[in-house]
Amino acid sequence: MMIEALIAVALLGALVTFVAPNRIAGKLAFAISLVPAALSLWLFAAFDGSGNALRGGELAFESQAAWIEIGEYSISWFVGLDGISLPLVVLTTILCTLAIVSSWTPIDERESQFYGLILFIEANLIGVFSALDFFLWFVFWEAVLIPMYLLIGIWGGPRRKYAAIKFFVYTNVASLVMFGAFIALVFGLGDSVTSFALPEIAGAMLDGGPEGFFGLEGTTLASVVFVAMFLGFAVKVPIVPFHTWLPDAHVEAPTPASVLLAGVLLKMGTYALLRFNFTMFPEQVEMYAVPIAAIAVISVIYGAMLALAQTDLKRIVAYSSVSSMGYVILGLVAYTQFGVGGATFQMVSHGLISGLMFMAVGVIYNATHTRMVTDMSGLADRMPIAVGILIAGAFGYMGLPLMSGFYGEFTIFFGAFGSDLLDYSPLFTAAAMFGIVIVAGYLLFALQRTVFGPYRLETDYEVGRAPLHDIAPMVVLLGLIILLGVAPDLIFDMITDAIDPIIQYGGDL
Amino acid sequence: MTVDVQYYVLLSMAVFCIGLFGVLTRRNALLFLMSVELMLNAANINLIAFAFYHGNLTGQLFALFTMALAAAEVAVGLGIILVLYRNFRDVDVTVPTTMRW
Amino acid sequence: MAATATGPFGFAPAIAVFPLVAFVITLLFGRHLPKKGALPGIIATAGSLLVSLVMVAAVAGGNAHHTELYEWTAGAAMSETGAETISFSFGVLIDPLSALMLVIVSTVALLVHVFSLGYMNAEGETGLPRYYAELGLFTFSMLAFVFADNLLMAFMFFELVGLCSYLLIGFWFRTKSAPSAAKKAFLVTRFGDYFFLVGVVAIAATFGTVGFAGEESFVTAAETAIDNGTTLFGFDAETWVTITGLLVLGGVLGKSAQFPFHTWLPDAMEGPTTVSALIHAATMVAAGVYLVARMFGYYALSPTALAIIAFVGGFTALFAATMAVVKDDIKQVLAYSTISQYGYMMLGLGVGGYVAGVFHLMNHAFFKALLFLGAGAVIILMHHEQDMWKMGGLKDKAPVVYYTFLAGALALAGIVPFSGFWSKDEVLFDALAVGLEQPVILAAYAMGLIAVFFTGFYTFRMVFLTFHGEPRSETAEEPHAVGWAVKVPLIALGTLAAVAGFANLAPVANLLGADITFLEFWLDGEYGYVEGLTYHAYHETVAFEEGYIGSETTTMLLSAGLSLGLALAGAFTAHTLYNVPEPARHTRKLGGAYRVLKRNYYQDEYQVWLAEGLTLPLARAADRFDQTVIDGVVNGTSRISLSGSNAVKRLQTGIVTNYAALLVGGFIGLLLVLGYIGGWFA
Amino acid sequence: MAVLELPEWMALAPALLLAGTALVLFLLDSINPRSTNRTLFAGVAVLGSLSSLAVAVWFTAAGVGATGIENYGVIDLMGGQFIVDQLALYFMIIIAIVTALVTVASHDYLRDHTYQAEYYSLILLAATGMSMMAASNSLVTIFIALELTSLPSYALVAILKDNRGSVEAGLKYFLIGALSSAIFVYGVSLVYGATGSLQLEDIATNLDVAGEMGGLLGLGILMLIGGIAFKTASVPFHFWAPEAYEGAPAPISAFLSSASKAAGFVLAFRVFTTAFPVAATTEVIGVDWTLAFVILAIVTMTVGNFAAATQENVKRMLAYSSIGHAGYVLIGLAALSAEGGELVMGAAMMHLLVYGFMNTGAFLFVALAEYWGVGRTFEDYNGLSKQAPFACAAMAVFMFSLAGVPPFGGFWSKYLLYTQTINAAADNTILLVLAAALVVNSALSLYYYSRLVKALWIEEPILERDRLAQPTGLYAAIIAAAVLTVVVLPAFGPVADAALEAAAAVVA
């Protein structure tokens with residue numbers, strides 16, 4: 001019942017905060033959010049699971065209860081954690097707490113509603129990563145949209161309405177497609193499954209797979225479903241060319257929302273890809289390995305090139321997220337322990353680093369009221385600490401060794417290079433790796449123009465140091481980044497433990 | 001002598017179509033109402049004819065219900081036409097177009 | 001044979017840990033410490049030097065040390081050569097090479113820290129805690145890189161070193177030029193490191209290990225693979241070794257500023273001169289060459305790779321030397337000479353002259369650090385004026401600086417008996433020996449030889465313009481005084497520059513038949529060593545055979561004489577042109593060549609063009625494509641559906657009779673469809 | 001169980017209670033014609049509808065109409081003219097809930113209205129008719145119940161006699177209604193002609209004798225579909241809906257769009273499953289009548305949603321959206337011929353129930369806005385959340401629920417409908433087109449629903465408003481509807497069971 005406790009605390013906290021008076025809302029939400037954070041850390045310490053949730057692994061904190069019977073199929077409340085989901089849950093709770101703190105400065109209207117929504121989104125994110133019944137998972141998956149829509153829409157920038165609706169509709173359409181495809185698969189599996197519990201479905205996919213559905217051969221159906229679901233998740237990740245909602249959403253969203261968006265929401269997509277496409281369809285993964293790898297490489301390079309062309313700090317980081325997600329896809333399709341494990345690690349790592357970057361950009365924005373690279377110069381002169389952290393984050397993004405980003409990228413590259421499943425893997429890997437040069441390019445250009453050089457900023461107000469409660473969360477993140485960079489096995493062990501059962505089929509282990 | 005049922009059907013269809021024609025062409029609310037009455041009565045013709053044809057009374061019975069309800073309908077209708085006139089100073093059904101699209 | 005972590009070797013990690021601690025302390029409390037945080041750094045580096053010397057002693061005592069400190073990560077990975085699992089770890093490898101390098105690095109680091117007291121503190125710089133913290137971080141990374149026992153660890157600290165270089169070049173971030181130079185330095189080296197990382201990944205994926213030494217090193221694995229004629233990633237083993245070797249070489253060329261990645265180094269002179277001395281002359285730039293030496297066994301397997309290394313080295317040596325000739329900024333001259341000198345080392349290693357290469361690496365570290373610190377001293381004297389044409393006549397005003405600088409200059413120019421001569425001569429000799437059999441190498445040798453002349457020339461042009469003749473500016477009239485903190489390091493390094501050469505008097509030894517080639521013995525495992533990492537082990541693997549003109553001795557004397565002569569010729573030319581009371585510019589003599597040299601063969605231009613003329617427009621085009629086409633499709637969809645909506649709602653005309661008509665029409669339509677299918681009208 | 005002791009006719013109690021309440025209201029009014037004691041009338045009406053709800057729930061729980069040992073099986077009255085089974089009870093519950101919500105809300109909406117008693121009694125009469133529709137089992141009773149529903153509705157829509165909009169709405173509703181009922185009756189006559197019976201089971205049994213009159217029967221069935229399409233506001237019989245919903249007083253719009261629609265659908269479910277079993281009918285008329293519903297469903301949901309997308313008037317947007325939802329529910333009938341069709345129908349019924357909460361709630365919010373007099377368009381609604389956060393939160397709940405976004409009840413019904421459609425598509429591939437249409441339309445609906453949320457929560461008010469009152473009744477109704485909409489998500493199990501049993505009751 002621990003997971004239920006996590007979710008319940010966040011939900012109730014959301015309600016309480018929603019009705020609380022504005023001036024205390026921020027502190028209150030922070031206090032409440034500490035509970036899930038602490039709980040999740042306790043879960044991390046007390047984690048006793050092993051194996052993969054969908055491959056008959058030993059689930060931690062599992063609990064299941066019947067919910068709805070429809071036809072021969074039963075929908076149930078079914079949650080549990082394995083080595084893949086636990087790190088992401090911890091990431092979620094920690095990032096939410098930090099995001100709340102980081103919004104004390106920028107958010108100055110309708111606070112109670114704002115923090116209520118943040119806690120609400122936290123509850124759903126935890127649900128997404130812990131749910132093991134398709135419908136339950138989908139409920140959380142979709143429920144995330146509402147708070148994010150409002151967060152962007154109400155507290156966002158000038159084009160917030162456009163961005164919010166675009167994000168809302170675009171991602172929802174993708175979900176509909178994915179949903180339909182998966183349902184078709186479940187019915188295609190015939191009598192071998194009687195519920196929407198993911199482990200059961202995954203099992204059925206292994207022995208025999210679908211018998212076929214509306215006239216399609218079993219294997220054809222599987223392929224169609226695989227592609228449809230991949231497209232559905234591709235929007236969420238996002239993968240080029242389904243990424244255009246991301247920069248708009250990021251740029252318009254308030255800093256904390258960007259932190260959560262880049263830090264956790266994008267991981268929902270990759271997490272789902274791993275849980276569904278890359279766990280249930282080993283054959284299709286092999287079939288489509290090359291195109292997928294090609295898309296991944298394109299995402300990396302194209303996303304990085306786009307970032308290179310931007311002059312808005314947030315846009316730069318947004319596009320570089322597209323680029324980084326490309327690495328994750330490459331790691332997944334490599335289908336080796338290091339590839340998939342590295343991809344999962346990269347999800348967490350990128351969550352921390354991009355969160356840090358958005359916070360740093362936000363702090364600068366709070367002080368300067370601009371994000372345009374062209375508007376500012378020599379900020380290091382006025383806000384040394386914030387800038388120092390920004391630089392650290394930037395180098396983390398570039399994959400500086402002993403920071404988590406390097407580990408994620410290196411393991412992905414290593415895992416992908418030697419992949420047996422993926423043809424021409426060395427070429428794909430080498431091509432994707434060129435991203436590390438471009439990323440250095442645009443980040444260093446941005447740094448040079450904004451934080452270095454003679455101080456120049458046309459403002460009628462004093463640009464001073466950032467308050468402690470803006471700096472503190474970034475310091476925490478930086479600490480975590482370095483910690484994971486130095487001691488990756490803290491989570492990599494449990495990840496690989498959960499990965500191995502997946503790649504036994506088709507992958508080389 | 002007896003008349004085959006299909007002639008009744010043809011008759012009723014004719015009446016029905018006349019009524020329909022009226023509905024589509026008349027702009028005066030009252031005429032519109034009458035046309036609807038025609039259509040209802042076409043149904044009644046059918047019902048009675050078929051009742052005779054099938055040799056059970058259900059149809060005739062139902063015809064009675066129909067007439068009663070038609071009357072009620074007209075009553076309500078006239079009420080509405082009244083307020084229509086009060087508000088639009090006209091009983092032309094094509095006049096009220098404040099709400100469209 | 002390698003003794004495991006016993007006795008003194010247990011302290012090896014401390015070498016790197018001291019500076020790390022200093023970094024943390026200075027970062028946190030720097031501004032509260034006396035001397036703005038210089039002391040922790042000095043103490044730490046002194047400690048590192050001490051421990052390094054202990055290491056040397058221990059190695060001299062016949063031991064070596066190879067151990068794993070901490071397993072970073074491990075997992076299952078099927079490698080090409082059949083290894084099932086792989087483990088990435090941090091380890092310590094103390095063998096003659098690394099011990100030597102440790103001493104070099106920590107010595108220079110210590111001296112530079114001391115020098116900084118005079119150079120930075122005395123000048124009342126701001127942000128000194130940052131400066132010293134970054135120096136500490138650098139020293140830590142560099143030392144850790146030196147004793148790294150595997151390729152990945154080497155790469156990681158290689159990158160960290162790059163970070164520190166970036167930060168230190170950009171130390172004066174309030175200027176426009178420094179940040180840009182820092183960015184350029186990082187980007188260019190990063191470009192090299194890209195290939196390096198590909199190489200690391202490839203090697204790891206191929207052999208299932210990244211260790212430098214021992215049975216489970218990738219070198220051994222590669223050897224066996226070649227012997228068994230295994231196919232690796234579709235290539236035969238040797239080709240693949242060449243490919244991966246060259247990939248790693250990318251990082252080397254980047255860090256050691258070899259052609260075509262040399263462009264960042266001159267710009268890097270934007271950093272404080274102390275930084276130039278430590279990072280961009282003595283240590284970090286040496287990292288590349290050191291890496292080649294470190295994994296020399298791997299390159300030894302591939303003659304192609306070696307030949308390429310040699311050729312690039314020779315070419316760079318000449319290429320950079322020519323550019324150094326026309327520079328007016330004293331630090332620029334040194335920068336290009338640095339590039340050129342590293343060219344020599346590459347040449348040496350490329351022809352299999354492992355000892356020669358390392359020998360020159362060592363000497364160069366000393367005399368180039370000396371020269372840079374000397375330049376720093378000059379810059380203090382000149383109140384931060386760097387243009388040599390504004391100097392002159394400093395000889396008498398600052399004798400200590402002058403004589404130490406002169407020592408360095410002689411070493412650089414390669415004049416007997418200063419250290420530079422011995423090592424450079426050995427490099428050239430090895431090159432010649434191999435070159436007589438290998439035309440490519442011969443070309444490389446020729447270039448290296450010609451470069452000697454230019455070296456002599458620009459070195460003494462610099463000396464004369466700076467110290468001789470009449471003062472050419474009032475700052476030169478009464479220069480700023482320099483303190484002990486400046487002089488001590490200069491003297492120390494000056495001595496080293498003068499005598500370091502005696503570590504390996506190969507020609508003399510050959511003539512007298514005396515065993516005085518200590519460095520060779522040192523590297524050849526006369527003392528402690530690790531199996532497979534010795535000179536003759538390499539020498540056996542290297543596929544070059546050597547030829548001589550007459551006997552070995554004659555060849556040796558020939559090449560020595562040749563290089564010495566050229567050096568002296570260069571020096572003499574400089575003397576005639578510039579060692580006069582009122583030296584004039586002689587650029588006109590060069591004619592068109594002058595502009596080319598001044599513009600550095602347009603190297604920067606084309607690289608800047610690659611970045612800003614090619615990549616940036618490409619990126620902008622991609623962005624436009626993204627905004628118009630891809631996003632256009634998305635927005636277009638919504639626009640279409642909304643206009644569709646506008647059309648649909650027009651159905652509702654508001655006129656009730658139309659409704660009736662439409663209703664009936666729709667109904668009839670339905671009737672027709674079903675009736676047609678149902679055949680009711682039949 | 002106590003149901004045993006009751007006489008059989010008591011099975012209709014839910015409907016009878018509503019009728020009784022209506023009469024009580026007349027009585028009260030005739031005692032004191034001048035009285036405008038709205039609390040009394042509203043109270044009585046609410047009481048009546050709630051009691052009907054209670055009884056219906058009690059019957060369902062007691063197992064009336066459910067088969068099995070300790071249950072009482074289906075109860076049919078007056079020689080099968082009426083039948084009380086799970087289906088009937090299920091819809092009686094929906095209707096009673098909506099009636100209760102509407103009457104509660106009307107308490108404030110009608111504050112300065114002279115004809116209080118008439119209003120409530122008309123509502124209750126209409127509700128009675130709807131309950132009867134749920135239970136009636138013969139074309140006669142169906143037609144009577146239909147008219148019993150329609151006539152009060154006409155009056156209710158036009159009840160604001162001095163409001164041109166209301167009158168125009170009433171007129172259009174009435175005219176189209178009259179036309180449709182004429183068509184319906186003619187259809188009845190044709191069916192009678194073909195089969196010689198009006199009682200649904202008998203029609204089914206006499207289908208074979210209708211052999212030579214297949215065409216007539218087909219035409220008749222089509223005309224019945226027309227009559228039902230009118231009640232459910234499905235294309236092409238939907239034209240009255242936008243105007244009627246827009247012009248009528250908002251509570252009445254809520255009542256019609258939720259309860260009346262549901263009643264229309266229960267008719268469709270019962271008639272087409274009981275009287276015209278697909279296989280047998282197809283033999284006679286030579287075409288699978290579900291095809292008609294496939295076409296209607298696609299056209300209806302498309303027209304409804306597309307027309308709604310760019311509306312400026314909130315009420316009209318809701319009107320069109322309710323047409324769109326009619327389209328969704330029609331899938332329940334369209335899939336009947338396919339294997340697993342009863343599940344689709346069950347899902348459709350679930351949707352009708354949830355729709356009862358969320359759509360009623362949405363219209364009641366519009367009622368609240370009209371009560372405030374803030375205006376009717378999206379712009380007028382801008383920034384209301386600043387003054388009335390809770391009502392606006394409730395409205396956001398309704399909108400997202402209508403869009404089928406979790407964590408609200410609308411999610412389940414919509415996605416289960418989607419799911420079951422795909423399931424049935426295995427057997428009848430044309431349903432895939434329906435599923436696709438569903439995806440496209442719900443994407444579009446997402447756009448315009450979120451547009452309203454945007455107006456309420458994101459936009460800044462155009463002009464300054466003074467404080468807004470908080471009428472107890474309206475607020476109570478809205479909050480209640482919102483709570484129901486949220487709570488039904490976790491508590492969807494029973495709903496699903498009830499709906500599926502109801503579907504199983506008719507799809508044998």
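**The core and the contacts of chain A**

Reply: In this predicted model, the largest nonpolar core holds 782 residues, and those with the most contacts inside it are Leu330(A), Val333(A) and Leu364(D). Domain 1 (302-590) and domain 3 (655-682) of chain C both contribute residues to this core, so the core lies between them.

Me: What makes a set of residues a nonpolar core?

Reply: The members must be buried residues of the listed nonpolar kinds, joined through C-beta atoms within 7 Å. The set of 782 residues that includes Leu330(A), Val333(A) and Leu364(D) is the largest such core.

Me: Which residues are in contact with Leu330(A), leaving aside its neighbours within four places in sequence?

Reply: They are Ala293(A), Ala296(A), Val297(A), Ile412(A), Ala416(A), Phe428(A) and Ala432(A). The word "contact" applies because the C-beta atoms of two such residues lie within 7 Å.

Me: How is chain C divided into domains?

Reply: The assignment gives domain 1 (302-590), domain 2 (599-650) and domain 3 (655-682). The centres of domain 1 and domain 3 of chain C, taken over C-alpha atoms, are separated by 100 Å.

Me: What share of the residues in chain A is buried, and by what criterion?

Reply: A residue is buried if 20 or more other C-beta atoms lie within 10 Å of its own. Buried residues make up 72% of the 509 residues in chain A. As for sequence separation, residues 24 or more positions apart account for 79% of the contacts in chain A with a separation of 6 or more.

Me: Which domains does UniProt list for chain A?

Reply: An unreviewed UniProt entry lists "domain: NADH:quinone oxidoreductase/Mrp antiporter transmembrane" at residues 131-422 of chain A. Over that range the chain is 75% helix and 1% strand, with the end C-alpha atoms 31 Å apart. UniProt, again in an unreviewed entry, places "domain: NADH:ubiquinone oxidoreductase chain 4 N-terminal" at residues 74-122 of chain A. Over residues 74-122 the figures are 61% helix and 16% strand, and the end C-alpha atoms are 27 Å apart.

Me: Which pair of chains shares the most contacts?

Reply: Of the 5 pairs of chains in contact, chains A and C share the most. Their contact takes 44 residues from chain A and 41 residues from chain C. On the side of chain A that touches chain C, H20(A) provides the largest share, 6 residues. By class, that side has 29 nonpolar, 11 polar and 4 charged residues.

Me: How do you know that chain A and chain B do not touch?

Reply: Contact requires C-beta atoms within 7 Å. The nearest C-alpha atoms of chain A and chain B are 24 Å apart, and the two chains do not touch.

Key. Residues numbered from 1 in each chain as written. Chains lettered and ligands numbered in written order. Predicted model: local features only at pLDDT ≥ 70, side-chain atom pairs only at ≥ 80, totals over all residues. Helix = DSSP H or I, 4+ residues; strand = E, 2+ residues; numbered from the N terminus. Nonpolar A, V, L, I, M, F, W, Y, C, P; charged D, E, K, R; others polar. UniProt positions renumbered as here; feature names shortened; annotations may be inferred. Domains from an automatic or database assignment. Buried ≥ 20, exposed ≤ 12 C-beta atoms within 10 Å, placed from the backbone.
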